[in-house]
Amino acid sequence: LLLDRKKCRSLVVMPVSFGHPAATDNDRSFAVRFVTDCPVMIRELPNTPRMDIALKKLFFAPKDLRDSLKASVMGTSSRGGMQGAQHVVFADTEGKRKYGEPAFRVVQINFLANEGGVVFVYLAINDRLIAQHKELQDYSISLSIEATCRGMTCRTVDGLPQHETIAKGKKFEAAWRRYTCSFENECKSRLLVVLVQSGQSTEFGHVKCEKLAPPNNAGGARKANALTDFLGVSSVLSRGRDYYDKMGIFNPVAFDFGPSFFQRNLPTLSDSSVATVDLGGFSGDQDLERALALSRQEANLQRAIEESKYVYYEYL
């Protein structure tokens with residue numbers, strides 16, 4: 001974290017573990033260590049802040065570039081660029097045509113810059129539009145999301161989803177995987193999927209999203225899931241209830257940032273010239289050629305040093 005002490009003298013650090021479930025229990029069984037280059041005072045908060053709300057504000061809260069905190073997310077990759085870049089992976093064109101703005105958006109949020117390796121997929125529901133139209137009071141959306149990557153872990157509210165190996169990696173590289181997740185009767189904004197770097201050989205491919213037909217059953221419940229049944233979380237979430245104790249960072253929240261987000265034009269993935277992001281893995285021939293060039297330069301330098309010694313001795 002890079003902290004500008006002239007503008008902000010304190011901040012809250014909220015570590016999130018999307019890996020092993022034992023690191024997310026109530027005992028907070030993982031260790032956090034701070035290494036700084038200047039004197040700081042660090043204390044543990046008596047209560048853990050709500051991470052679902054903190055994540056929503058991180059992604060979508062209006063930011064004043066003059067006063068906002070300049071912070072960097074650290075990791076193990078070498079890609080530079082802007083943190084929190086957003087792309088729309090599914091747009092509600094029908095709602096925009098009928099109401100002038102979409103009823104929802106599915107947004108991919110990349111934290112791949114400044115040594116990071118995390119991709120979020122977030123469902124944003126236009127609560128203001130739904131409240132203005134009676135025919136939308138029971139509005140819900142069902143979606144299917146597909147993500148491809150290698151060396152990355154995928155997590156949803158249901159846990160770690162099953163994956164399909166679509167291509168074997170090169171020597172010492174992780175294999176390419178495809179994760180497919182379905183979400184039915186979603187009626188509030190929330191984090192749907194997160195992809196987290198889990199190895200040195202890591203590469204992110206793409207995220208695709210499709211709209212699913214509503215379930216045929218009267219209650220609109222999705223298929224039974226062992227984890228949601230164990231937690232006692234209903235698959236059809238009420239707009240007025242709070243499930244944070246059971247769903248954590250994936251908990252549905254009110255999207256209370258006004259119409260600016262849904263009226264603003266965000267780039268789609270087709271607008272991006274970079275379809276594949278390498279997070280520090282070996283990139284093949286280019287890396288090999290660069291390594292050979294450096295080796296040749298070192299060999300030439302060593303040869304020049306040896307020759308200069310010989311000439312010096314002959315002169316003496």
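Modeller: First, a contact means heavy atoms within 4.5 Å. The model is predicted: local features need a pLDDT of at least 70, side-chain atom pairs count only at pLDDT 80 or more, and totals for chains, interfaces and linings use all residues. Residues are numbered from 1 along each chain as its sequence is written, and side-chain values use heavy atoms, leaving out hydrogens and water.

Start with T156. Setting aside neighbours within four places in sequence, T156 touches C181, F183, L192, V193 and F250. T156 sits in the loop between β5 (152-155) and β6 (163-167). Strands here are DSSP runs of E, at least two residues, and helices are runs of H or I, at least four, numbered from the N terminus. T156 has 6% relative accessibility, so it counts as buried. Buried means under 20% relative accessible area, exposed means over 50%, and partly exposed lies in between (1.4 Å probe, protein chains only).

Now the aromatic rings. The structure holds 12 aromatic pairs. Rings of Phe, Tyr and Trp (its six-membered ring) pair if their centres lie within 6.5 Å; planes under 30 degrees apart are stacked, over 60 edge-to-face, and the rest tilted. F59 and F120 have ring centres 5.0 Å apart and planes at 55°, so this pair is tilted. F59 belongs to helix α1 (residues 51-60) and F120 to strand β3 (residues 118-125), so the pair links distant parts of the chain, 61 residues apart. F59 is buried at 4%, and F120 is buried at 7%.

A second pair joins F60 and Y122. This one is edge-to-face, with 5.1 Å between centres and 65° between planes. F60 lies in helix α1 and Y122 in strand β3, so parts 62 residues apart in sequence are tied together. F60 has 8% relative accessibility and counts as buried. Y122, at 2%, is buried too. These four rings belong to one aromatic cluster, which also includes F111, F255, F261 and F262.

R105 lies over the face of F261, 5.4 Å from the ring centre. A charge sits over a ring if NZ of Lys or CZ of Arg is within 6 Å of the ring centre and within 35 degrees of the ring normal. R50 lies over the face of Y244, at 4.4 Å from the ring centre.

Next, the nonpolar cores. A nonpolar core is a set of buried Ala, Val, Leu, Ile, Met, Phe, Trp, Tyr and Cys residues joined through side-chain atoms within 4.5 Å. The largest has 31 residues; F104, V106, L123, L143, I145, L195 and V207 touch the most other members. Strand β4 (residues 141-150) supplies its largest share, five residues. Another core lies apart from it, with 28 residues, F120, V194, V196 and F262 among them. Beyond four places in sequence, the contacts of L195 include G117, V118, A147, C154, Y179 and V207.

F90 stands opposite V106 in β2. Strands β1 and β2 (residues 104-111) pair in the antiparallel sense over six bridges. Two strands pair if DSSP finds at least two bridges between them. Six of the seven residues of β1 (residues 85-91) are buried, so the strand is largely enclosed by the rest of the structure.

Last, confidence. pLDDT is the predictor's confidence in each residue, from 0 to 100. The chain averages 74, and 64% of the residues score at least 70. pLDDT stays under 50 over residues 65-79 and over residues 271-285.
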